[in-house]
Amino acid sequence: NEGFLTAYQRHRLWPKILATPPLYTDAHGRECDLTIHIMCHGGDYLCAIWALKSFYYQCKNMYPLVIHIQGKCPALLENRVRQPFPNARVILQDEADRVVEAKLLEHNFHNLLTLRRSLFIMQKLTDILIMADSHKILMLDADVLFFNRPQELMDPEINVKPCIR
């Protein structure tokens with residue numbers, strides 16, 4: 001639908017993000033008030049890296065990062081997601097399935113479990129909320145880029161305490 005030229009330009013531009021230096025986010029831990037979460041899969045991991053790099057560049061805070069990889073994750077994909085964010089916690093599908101499905105069964109959320117298994121979008125809603133262990137979370141989408149400081153997200157009224165490095 002976008003045309004050959006647009007697809008070609010994207011194909012040439014997107015991988016360039018892999019040549020940028022790594023971003024060292026704050027270490028993940030329970031003492032943090034806020035963690036950044038993003039869910040991606042093999043088809044959009046480069047978009048996710050662009051989204052995260054633009055967010056951290058503009059926001060200037062190195063909040064802990066959790067990357068959820070949805071679906072099968074070959075070693076190359078996992079490596080490409082880990083390299084730009086060495087301190088990020090990466091959650092693969094097997095771990096998410098084990099933890100989230102057990103929690104849903106424990107609370108007798110059988111309908112939600114059925115939805116999670118049949119609609120991939122439900123994983124974004126369930127997995128991130130169940131697996132987050134900070135007081136607040138910020139969920140980013142892989143298709144969002146930041147060209148200015150996200151003032152609405154960084155509002156001082158949010159009362160987020162920075163993590164200790």
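A polar contact is a pair of N or O atoms within 3.5 Å; within protein, one of the two must be able to donate a hydrogen and the other to accept it, and residues adjacent in sequence count only if both atoms are side-chain atoms. Keep that in mind as we walk through this predicted model, in which local features need pLDDT of at least 70 and side-chain atom pairs count only at pLDDT 80 or more, while totals for chains, interfaces and linings use all residues. Residues are numbered from 1 along each chain as its sequence is written, and side-chain values use heavy atoms, with hydrogens and water left out.

T35 is buried, with a relative accessible area of 0%. Here buried means under 20% relative accessible area, exposed means over 50%, and partly exposed is in between (1.4 Å probe, protein chains only). The side chain of T35 makes a polar contact of 2.9 Å with the side chain of S134. Not counting residues up to four places away in sequence, T35 also touches H28, P64, K136, I137 and L138 along with S134, where contact means heavy atoms within 4.5 Å.

Next, the cysteines. How many disulfides does a search of the whole structure find? The search finds zero, a disulfide being a pair of cysteine sulfur atoms within 2.5 Å. For C40, the closest cysteine sulfur is in C73, 8.2 Å away, which is too far for a bond. C40 is buried at 3% relative accessible area, whereas C73 is partly exposed at 23%.

Now we turn to charged side chains. Side chains of opposite charge can pair when their charged atoms come close. The structure holds seven salt bridges, each defined as a side-chain nitrogen of Lys or Arg within 4 Å of a carboxyl oxygen of Asp or Glu. One of them joins E78 and R82, with an N to O distance of 2.8 Å. Both residues belong to helix α3 (residues 75-82), where they are four residues apart, about one turn of the helix. R82 is partly exposed, its relative accessible area being 33%.

Other salt bridges link separate elements. E101 and R116 meet at 3.2 Å, N to O. E101 lies in helix α4 (residues 93-106) and R116 in helix α5 (residues 110-118), so this pair ties together parts that are 15 residues apart in sequence. Both ends are out of the way: E101 is buried at 17% relative accessible area, and R116 is buried at 1%.

K124 and D141 form another salt bridge, with their closest N and O atoms 2.5 Å apart. K124 is in helix α6 (residues 120-131) and D141 in the segment after β4 (136-140), so the pair ties together parts that are 17 residues apart in sequence. K124 is partly exposed, at 21% relative accessible area, and D141 is partly exposed too, at 34%.

By contrast, D26 is 29 Å from E101, C-alpha to C-alpha, and 75 residues from it in sequence.

F4 is found in helix α1 (residues 4-13) and is exposed, at 70% relative accessibility.

Our last stop is the backbone. Most residues other than glycine have a negative phi. K60 is not a glycine, yet has a positive phi of about 65 degrees. K60 lies in the loop between α2 (45-59) and β2 (65-69) and is exposed, with a relative accessible area of 58%. N108 has a positive phi as well, near 60 degrees. N108 is placed in the loop between α4 and α5, and counts as exposed at 56% relative accessibility.

Conventions: Helix = DSSP H or I, 4+ residues; strand = E, 2+ residues; numbered from the N terminus.
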